[in-house]
Amino acid sequence: MPRPWATRALHSLLFCLCLSSRLQQAAPLALDPCSAYISLNEPWRNTDHHFNETRDKPMCDNHLDGEWYRFTGMAGDAMPTFCIPENHCGTHAPIWLNGSHPSESDGIVQRHACASFNENCCLWNTTVDIKACPGGYYVYRLMKPRVCFHAYCGHFYDICDMMDCQGACLDATDCTCGAGTMLGPDGQTCLDENECEHNNGGCSEVCVNLKNSYRCECGVGRILGKDGKTCEEIEGCHNNNGGCSHTCTEVGTRYQCQCPRGLILAEDNHTCQVPVLCKSSSIEVAVPKDLVGGLELFLSNSSCRGVSNGTHVNINFTLKTCGTVVDVVSDKIIASNLVTGMPKQTPGSNGDIIIRTSKLLIPITCEFPRTYVITEGYVPNLKNTPLEIMGRNKGTFPFALEIFKDKDFDEPYRETLPVLKLRDSLYFGIEPLMRVNGLESMVESCFATPSSKIDEMLKYYLIQDG
């Protein structure tokens, strides 16, 4: 007669740990944002304001913190809903609304917002809450941008032409707008129509909304066909440099992308990126000296600066320091920061005079999985963690798992596995070796198997479904 399972040695324990974000927010006050907002009226916010790199210092909205705002005065009357080129709105990377404005009956809605840089209309993105107010204007809940230099744009929308109106142009039914625009809630303003919201504008891949128009774009390694909407594979270096960010080399009937010394090819096999090493204890960035030139590199927190070793400028930081932003997105934990290159200050400037503004901005992203599977006796070895070194890299969070002899959790089982009798208690402890503010670990499930095989049909669940 076989012995009860509880009298056997527990050879294997499997724990699934799910890391989730822990948000602590104060209860919101019951105030209508249409009457409780902050005005943004700076003239440099307007889309017509071109940022002059040789004269102006780029602006950054790092003082915004989730309040409700309204664009007024010379800033404009609403956020633009079309792509704004870089070096507008008083900054390097202007933020525009990638979606249509709501109607008053929609209440508070959420839309995506994009920051443009390096000819990419949506290099960074965030979300914005919007409400259409009875007075014919909009209010926006704007979050602090993850990195500088980002700033939210305002725009003056056109008023409908009197020739288009029947009467005094005061009633929405009496006024019409031109192609690519739609009538706003005040019955007089012609807002841009976002064609990309309808069937992706007919584009096979990426649709980018423009002022009163739109355009289709393709992913890396592909190019638009003759119809301007369908994407086709690039067949050689003669066509758009093969889609390579740097050097394209013909190899027989095929081609391949190559990177300058010190850079590496990303997963798309077309884009050259700065090497990044993602670990739970630190993030290490090595920027080639040839790329840096005479610039000084620093992170979102400007007190964190690069150190040159002769061939590279190295920047090391952790998930807790230097302005690193940690977000939970789907099944991943994403840590991001921004390396900025600025000219070194001239002697005697006291830190407040900059000769010119550089365009060297390197977004750094590390991805960590949210779910981990570990077994009894598991000790993570960071040196052997498989990592792909690239601008957007991946890593893991290590955990320690130990089984203890009593409820005081003082004496763990070290050399031999525990042998339990019926009604005996088993105490186990799981502890993350790296703690990050805003994240907590949860044991989602825990089971024992009669043998060392995890995939056995017979499982004894200690914890199930959290």
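Predicted model: local features only at pLDDT ≥ 70, side-chain atom pairs only at ≥ 80, totals over all residues.
**The seven-stranded sheet**

Seven strands form an open sheet whose order runs β2-β3-β7-β6-β5-β4-β8, and the pairing within this sheet is mixed. At the edges stand β2 (38–40) and β8 (150–152), each of which has a single partner strand, so one side of each is left without a neighbour in the sheet. On average, and with direction ignored, neighbouring strands of this sheet are turned by 40° against each other. Strands of a sheet pair through backbone hydrogen bonds, and they do so either parallel or antiparallel. The antiparallel sense is found between strand β6 (residues 120–132) and β7, which pair over four bridges. Asp129 stands opposite Arg141, a residue of β7.

**Aromatic and charge-to-ring contacts**

The count of aromatic pairs comes to three, and among them are the two set out in the table.

| Pair | Distance between ring centres | Angle between planes | Arrangement |
|---|---|---|---|
| Phe71 and Tyr140 | 5.5 Å | 75° | edge-to-face |
| Phe117 and Trp124 | 6.2 Å | 45° | tilted |

For Phe71 and Tyr140, the angle between the planes is 75°, so the pair is edge-to-face, given that planes over 60 degrees apart are counted in this way. Phe71 lies in strand β3 (residues 67–71) whereas Tyr140 lies in strand β7 (residues 138–142), and the pair therefore ties together parts that are 69 residues apart in sequence. Both Phe71 and Tyr140 are buried. The planes of Phe117 and Trp124 stand at 45°, so that pair is tilted, and both Phe117 and Trp124 are buried as well.

A contact of another kind involves Arg70, whose charged end sits over the ring of Tyr137 at 3.7 Å from the centre of that ring.

**Backbone features in two loops**

Most residues other than glycine have a negative phi. Asn240, a residue other than glycine, has a positive phi near 55°, and its place is in the loop between β15 (231–233) and β16 (247–251). Asn269 is not a glycine either, yet its phi is positive at about 60°; the loop that holds Asn269 lies between β18 (264–265) and β19 (272–273).

Methods: Residues numbered from 1 in each chain as written. Heavy atoms only, no water. Phe/Tyr/Trp six-rings, centres within 6.5 Å; stacked < 30°, edge-to-face > 60°. Buried < 20%, exposed > 50% of the residue type's maximum accessible area, 1.4 Å probe, protein only. Lys NZ or Arg CZ within 6 Å of the ring centre and 35° of its normal. Pairing = 2+ DSSP bridges. Axes fitted to C-alpha atoms, helices over the stretch in contact; angles between N-to-C directions.
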